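Please open the model in your viewer and keep the selection panel at hand. The stops below go from the contact between the chains to the symmetry and then to one helix.

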Number of protein chains: 2
Amino acid sequence: MTVIGVLGAGQLGRMLALAGYPLGLRFVFFDESADAPAGHLADLRSGRWDDASALQAFADEVDVVTYEFENVPVAAASRLAERVPVFPSPRALEVAQDRLKEKQLFRDLGFGTAPFAAVESQDDLDRAVASIGLPAVLKTRTQGYDGKGQRVLRRRDDVLSAFASLGGRPLILEGFVPFRREVSILAARSRTGETAFWPLVENVHRDGILRLSTAPAEGNGGALAEEASALAGRALEALDYVGVLAIELFEHDGKLLANEMAPRVHNSGHWTIEGARTSQFENHLRAVLGLPLGATQATGFAAMVNLIGETPDPAALLEIEGSHLHLYGKPARPGRKLGHVTLVEPTRALLDAALGRVASVVDEPALSR
Amino acid sequence: MTVIGVLGAGQLGRMLALAGYPLGLRFVFFDESADAPAGHLADLRSGRWDDASALQAFADEVDVVTYEFENVPVAAASRLAERVPVFPSPRALEVAQDRLKEKQLFRDLGFGTAPFAAVESQDDLDRAVASIGLPAVLKTRTQGYDGKGQRVLRRRDDVLSAFASLGGRPLILEGFVPFRREVSILAARSRTGETAFWPLVENVHRDGILRLSTAPAEGNGGALAEEASALAGRALEALDYVGVLAIELFEHDGKLLANEMAPRVHNSGHWTIEGARTSQFENHLRAVLGLPLGATQATGFAAMVNLIGETPDPAALLEIEGSHLHLYGKPARPGRKLGHVTLVEPTRALLDAALGRVASVVDEPALSR
């Protein structure tokens, strides 16, 4: 029986295992935390990312390694790759976890991005602000997620305080770009080179955290969605990528700007569990095993609402006809993703009506736009 | 976190756990075998059904107990029910696991069955054969499944040899009834009394083992399906039943005869994982927890093909567009259910085409009727 080793054991890992058991796979997770959510349903080895002997023991009990967490140190992934196949490759991981390298890749692939500049010092930052202008956002090049590791610069005063707060690590300054909406494209590439693309997704963030995804996004099937798929396809090839890759983009005036990518299954793809013929989780596993990829068409109109900070009464959510509840088994904490609800309806109007019912249970401003 | 205790840890238990993790549930299984399939993804306690202290320890670590295996001794279920809620109730289990009692229930509920008679002795059998005629089938009243524990009587000679082989246990003789097709109805009843019914399913058995289910069956939505739902509804009420109940029926000349029931999720409901808005596994869990039941409509035209005795190359099955593979993690053995494949298509014609592709990979005569 094939054993999948997964680096990170959060909710993404949990959903990978739930998609993989029906394929007859077994799972071993590696995480710094000994009580991570995937540990409820699979073996979990806990250790530090720099613990060579723990990583070696983990490598020896699995057939292939993948990630559910993009901030795995590249050194850990490279060390594992000496003993067992690792997908996506440590090189793809390295690019995707560095905001500067990913922006450079987007540009190399002929794709627009917000203006950006590398920042290592206060001097770099001053020059970057002079060239890009304010407002702008200063971010750590690595380790940021869900709005962490970033500071918005609105006035000259912010420039010093932001560097004081984030400096000492490699940084990137990104200009603000106006945008009409945020979208994402999810794509998979198998070890065989086969690729697959899900429909375009529209996303609403608040406080840097994804709140709502709907799919297929308006405009799916048109030029915009084709452009997003083409970008994803070029990125997959350029990185010789294996697995699911998510790219977040801004749309403005009918044009797309690439924002960032995640070298893993992604929150904006959770709707695919019920809303697409094959989920991102299943296709990620098929990809890393070199199996044929499953069909990615949407089966209706889907929406995914994150449950953040607190979990509403499950009965109230399950009362909503057609709702699918996903709880991650994590203790509640402000700002923490604790679960999500997915709706799939045959028409956009029915989806809107169902979302209205979710809005009466989940306190989420993104639902009452 | 609510902990579900499940008696039996086969593939049905495994699929219950896969449906329950997204609801934030945890699972502990109890089985005589220490390497049963559900043990790959949840805690498994192994012990004998008559081991009072093992059952007591199991009861103490769970919040509610249910079954995935109907041949759990009623005494074990009753013992557990003294310490923790058990659903369906031991009484429902007792009726459903006894072919005589279930036939009597069907008759009491006003439903047709094949002619039957209780058999305790060779004399009983002779009288029953005289009254019912041949061919007929002699079955153990309890413990039979997948064609085990039964003998077909075609000639007078068979009557002695069948009793010699099965006698000593309570038996039932059932007359053969001609039938056009076999169907099943799956229903759920929550602790709150709420009920839900899936569309009618058509089943093809070979050698006493289910091979193919399609849903919704032809005639779903009509009088026949209504009659089946009405029977299931009356059985749920009569047994004060909680959980999913499956009833298998024969159709002949537009009339239904009730054949048998299973007090658990059922092989003919596996298609509901991808083919219905809520699966039988999720609704079984919702029912035993007293949560609202999920919508049971079909999302298209579904077929489920069992993989029996050997598993074809998974890549060949996954190559079929829209196929969903479910492997149970069991070692291969002749006649053993090792997994299933589900197809869901928007039209019956597309479903037939997809089934044709499965037939080229799975050696199953039922697919080439």
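How many salt bridges does the rule find across the interface of chain A and chain B? In this predicted model, four salt bridges are found across that interface. To look at one of them, select A:Glu321 together with B:Arg277, whose side chains meet in a salt bridge at 3.3 Å, N to O. Then widen the view to polar contacts, of which the rule finds 14 residue pairs across the interface of chain A and chain B, with both residues at pLDDT 80 or more.

The area buried between the two chains is about 2,700 Å², and carbon and sulfur atoms give 56% of it. Select A:Tyr21, A:Arg277 and A:Leu318, which supply 22% of the area that chain A buries against chain B, more than any other three residues. Because 100% of the interface residues of chain A are also interface residues in chain B, the copies meet through the same surface.

For the symmetry, superpose the chains: chain A can be laid on chain B with an RMSD of 0.0 Å by a turn of 180° and a shift of 0.0 Å along the axis, which is the relation of a two-fold axis. To find a place by this axis, select A:Leu41, whose C-alpha is the nearest to the axis in chain A, 2.4 Å from it.

Move on to helix α10 of chain A, residues 280-289, which is mostly covered, with nine of its 10 residues buried. Selecting the buried residues of α10(A) brings up A:Gln280, A:Phe281, A:Glu282, A:Asn283, A:His284, A:Leu285, A:Arg286, A:Ala287 and A:Val288. After α10(A) comes A:Gly290, where the phi is positive, near 70°.

Finally, colour by confidence: chain A averages a pLDDT of 94, and 99% of its residues score at least 70. For the complex, the predictor gives an ipTM of 0.94 and a pTM of 0.95.

How values were computed:
Residues numbered from 1 in each chain as written. Chains lettered and ligands numbered in written order. Heavy atoms only, no water. pLDDT = per-residue confidence, 0-100. Least-squares fit on C-alpha atoms with pLDDT ≥ 70 in both. Contact = heavy atoms within 4.5 Å. Buried < 20%, exposed > 50% of the residue type's maximum accessible area, 1.4 Å probe, protein only. Helix = DSSP H or I, 4+ residues; strand = E, 2+ residues; numbered from the N terminus. Buried area = accessible area lost by both parts, 1.4 Å probe. Polar contact = N/O pair within 3.5 Å; in protein donor to acceptor, adjacent residues only side chain to side chain.
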